[in-house]
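Subject: A structure for you to look at

Hello,

Here is the structure I promised to pass on. Please open it next to this message, and I will walk you through what turned up.

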Amino acid sequence: MFYVFNVVFPVFALILIGFICGRTGKLGQSASIELNRFVVWLALPAQLFHFASSSSWQTLWQPGFITAFFLSCLTVFILVLIVSWVRNRDLVAASFSGLSASYSNTGYMGIPLCVLALGQDGLAPAIISTFIVFVMFAIATVLIETGIQSHKKSHEIVWNVLKSLCTNPLLLAPVAGLLWSSTDLVLYDPLEQVISFLAAAATPCALVSIGLFLMQKEKSAPQEAWGVSFAKLILQPLVAWLIAGPILDLPALWLSAVVMLAALPTGTGPFMLAQYYNADGRMISRVVLLTTIGSLLTLSLFLWWSRGV
């Protein structure tokens, strides 16, 4: 399907641009770090706030779809987390693996792909799924904080986790956006323009940063990336179909949407979270690249199958 390629290609192209710029020295060794700081503290929070503030609660309330997509994310997250933890006994690394296997690129790829494949009716499930991946983001953050603070007493762990959640811009921004959307207030136009400018920079900067990171770490990427990529592209859509189809019997449009969104490649969120915590992002960056390339095949096959059903 050419429109699948048209949606996936820009993601891969921006990663490649970052890789080439790092290889040729056009962007220095500190470029990845500085780009990450810009994305984590300015661009991505602006994007999350802008997206959340423009959505209505009525649009988001679809219990069957929410159940199917959330359970598919949670099932794969827990499965990969357990496998990774059993191997390494590292809750922080296992949490990043679980998030990488369940965090679909709904914002950048899910929305245009659903609209192209399902028409304007596909916009609602894409928006809902974006907020569900925010929930997965929060769950992973709690586990990461718990792993980091594991040497402390239980009440100190709880306090530090709460403090981290309340100061993490990647979690505060969508919550603030949802709260703003529930009011009748209108953002001051120049302020909204500033937020829009920052939001527009989030995805390209994040993808270029991943390319730079791949250039620096390419020879030592963990083999675990292949298993996580398999879980993301194959296991999660299968679980989503099982829950949405045989179990919940969702209408055709919502069934197609939940499987398509579950089959999306890993977004940049886990990589940005790793950079926020100064964690090793080698495995995550590889998963983003592998799933983005692999989704050209898996999404095309799914769309071909869904049109024949």
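Let me begin with a term: rings of Phe, Tyr and Trp (its six-membered ring) pair if their centres lie within 6.5 Å, and planes under 30 degrees apart count as stacked, over 60 as edge-to-face and the rest as tilted. By that rule, searching the whole structure gives three aromatic pairs. In one of them, the ring centres of phenylalanine 65 and phenylalanine 69 are 6.1 Å apart with the planes at 0°, so this pair is stacked.

Before going further, a word on the source. This is a predicted model, in which local features need pLDDT of at least 70 and side-chain atom pairs count only at pLDDT 80 or more, while totals for chains, interfaces and linings use all residues. Residues are numbered from 1 along each chain as its sequence is written, and side-chain values use heavy atoms, with hydrogens and water left out.

**The overall picture**

The protein has 14 helices and zero strands (DSSP runs numbered from the N terminus: H or I of at least four residues for helices, E of at least two for strands). Of its 309 residues, 51% are buried, meaning under 20% relative accessible area, with exposed over 50% and partly exposed in between (1.4 Å probe, protein chains only). Among contacts (heavy atoms within 4.5 Å) with a separation of 6 or more, 86% join residues 24 or more positions apart.

**The aromatic residues**

Phenylalanine 65 and phenylalanine 69 sit four residues apart in helix H4 (residues 63-88), about one turn of the helix. Phenylalanine 65 is buried, with a relative accessible area of 2%, and phenylalanine 69 is buried too, at 0%. Another pair, tyrosine 103 with phenylalanine 137, is tilted, at 6.0 Å centre to centre and 55° between the planes. Tyrosine 103 belongs to the loop between H5 and helix H6 (106-118) and phenylalanine 137 to helix H7 (residues 123-148), so the pair ties together parts 34 residues apart in sequence. Both tyrosine 103 and phenylalanine 137 are buried. Phe65 and Phe69 also form one aromatic cluster with Trp254.

The axes of H4 and H7 come within 10 Å and cross at roughly 30° (lines fitted to C-alpha atoms, for helices over the stretch in contact, with angles from 0 to 180 degrees between N-to-C directions).

Serine 100, in helix H5 (residues 91-102), is buried, with a relative accessible area of 0%. Its side chain reaches the backbone oxygen of phenylalanine 96 at 2.8 Å. Leaving aside residues up to four places away in sequence, serine 100 touches several residues, among them Val228, Thr266 and Pro270. Pro270 is one of the buried residues of H13. Helix H13 (residues 269-276) is mostly covered, with eight of its eight residues buried, and asparagine 278, which follows H13, has a positive phi near 55°.

Enjoy exploring!

Best wishes

Definitions and conventions. A polar contact is a pair of N or O atoms within 3.5 Å; within protein, one must be able to donate a hydrogen and the other to accept it, and residues adjacent in sequence count only if both atoms are side-chain atoms.
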